[in-house]
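The sequence and the structure are shown first.

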Amino acid sequence: MQYSRTREQQLSNSDRSRPAHKSAPLGKAEDIPAALRDGNKIRSNSLQSMNASKQLPLGPIAIGFGLLLAGGAAFTFTTTSHEPPATSNSMTSSGSINQPGSPTTDNSQPINTDNVLNHLPYTEAPDAELVSIGGGYRLRKTAAAKFQSMIAAARSSGVNITTISAFRSVEDQKRLFFGVGAERGQQPTKRAEVSAPPKYSEHHTGYAIDLGDSSVPATNLNQNFETTPAYKWLKINAAKYSFELSFPKDNIQKVSYEPWHWRFVGDINSLETFYKAHNLKDK
């Protein structure tokens with residue numbers, strides 16, 4: 001009877017587990033069930049029981065001890081099989097979780113946007129969104145309305161701003177980039193300093209426009225356009241009509257300075273078009 005009570009007590013101990021310490025990670029001693037953690041104590045109790053039962057034959061004692069070990073092994077298997085799987089999420093220094101595939105880097109900066117020769121990708125404007133601004137050129141409706149107002153205001157100030165280029169399709173850009181590049185014997189890397197590859201031109205968006213001064217046509221598409229009355233007026237007044245210079249000096253895209261190239265940023269779509277993708281890092 002003493003042997004039976006001892007075995008019952010041991011099996012009861014094997015069913016208990018101490019709650020895990022709140023700050024201890026899985027696998028630490030604080031999370032090991034009591035039956036596994038206090039194994040030495042169980043073996044000590046078993047030896048005491050054996051000493052108290054010297055009158056019993058050796059055979060029953062050995063069988064009982066074997067059953068005890070088998071029960072412990074079964075409990076170990078059951079305990080480990082229910083252990084929760086390890087998670088692959090990592091913790092940041094602030095305690096938040098970075099999910100796998102998170103687009104953040106170690107310094108929490110956005111990943112660089114894909115580009116070709118430092119030019120960002122742009123989608124061609126839908127034909128239904130484009131309207132004429134005269135001279136065979138087109139812009140998106142919102143940009144066209146502001147542009148017409150800007151040209152009228154400049155004219156009333158005695159400044160004659162002329163349009164050199166506006167919306168261009170991908171096919172137009174192919175001829176401009178590859179055709180003119182071949183005529184001039186320019187490698188793509190050199191050509192990209194003055195012209196975007198097809199699918200990577202701001203002119204595809206219907207928001208970009210190249211401007212000149214009709215009183216000084218020799219400065220068209222030339223950096224000395226910055227010396228003209230048209231450029232000086234634009235520099236002061238273009239922002240009032242939601243236009244800005246696309247490629248100022250030392251721009252982050254490493255495109256050559258283009259004082260004639262302006263873009264409209266006066267609605268949410270144009271703003272996202274030009275700023276949402278601007279994740280290039282200055283090198």
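In this predicted model, the charged end of R263 is placed over the ring of Y275, at 5.7 Å from the ring centre.

**Aromatic pairs**

The structure contains 9 aromatic pairs. For F177 and F178, the ring centres are 5.0 Å apart and the planes stand at 90°, so this pair is edge-to-face. An angle over 60 degrees is what places a pair in that class. F177 is itself buried, at a relative accessible area of 5%. Elsewhere, a cluster joined by ring pairs comprises Y122, F147, Y207, F243, F264 and F274.

**Overall architecture**

The protein has 9 helices and 8 strands. Of its 283 residues, 33% are buried. Among contacts with a separation of 6 or more, 61% are between residues 24 or more positions apart.

R168 is found in the loop that runs between β5 (161-165) and α6 (170-183). Its relative accessible area is 15%; R168 therefore counts as buried, the limit for that class being under 20%. Through its side chain, R168 forms a polar contact of 2.6 Å with the side chain of S165. Once neighbours within four places in sequence are set aside, the residues in contact with R168 are Q173, L176, S201, H203, H204 and D210.

E171 is located in helix α6. With a relative accessible area of 44%, E171 is partly exposed.

The accessibility values for the individual residues discussed here are collected below.

| Residue | Relative accessible area | Class |
|---|---|---|
| F177 | 5% | buried |
| R168 | 15% | buried |
| E171 | 44% | partly exposed |

**The largest pocket**

How much space lies in the largest pocket? The volume is about 530 Å³. Its lining consists of 30 residues, and those nearest the centre of the pocket are V194, S195, L221, E258 and W260. At least two lining residues come from each of β5, α6 and β8 (258-264).

Conventions. Residues numbered from 1 in each chain as written. Predicted model: local features only at pLDDT ≥ 70, side-chain atom pairs only at ≥ 80, totals over all residues. Heavy atoms only, no water. Phe/Tyr/Trp six-rings, centres within 6.5 Å; stacked < 30°, edge-to-face > 60°. Buried < 20%, exposed > 50% of the residue type's maximum accessible area, 1.4 Å probe, protein only. Lys NZ or Arg CZ within 6 Å of the ring centre and 35° of its normal. Helix = DSSP H or I, 4+ residues; strand = E, 2+ residues; numbered from the N terminus. Polar contact = N/O pair within 3.5 Å; in protein donor to acceptor, adjacent residues only side chain to side chain. Contact = heavy atoms within 4.5 Å. 1 Å grid on protein atoms, 1.4 Å probe; cavity = no way out; pocket = protein on both sides within 12 Å on 5 of 7 lines; lining within 4 Å. Points joined across faces, edges and corners; volume = space filled by probe spheres on them.
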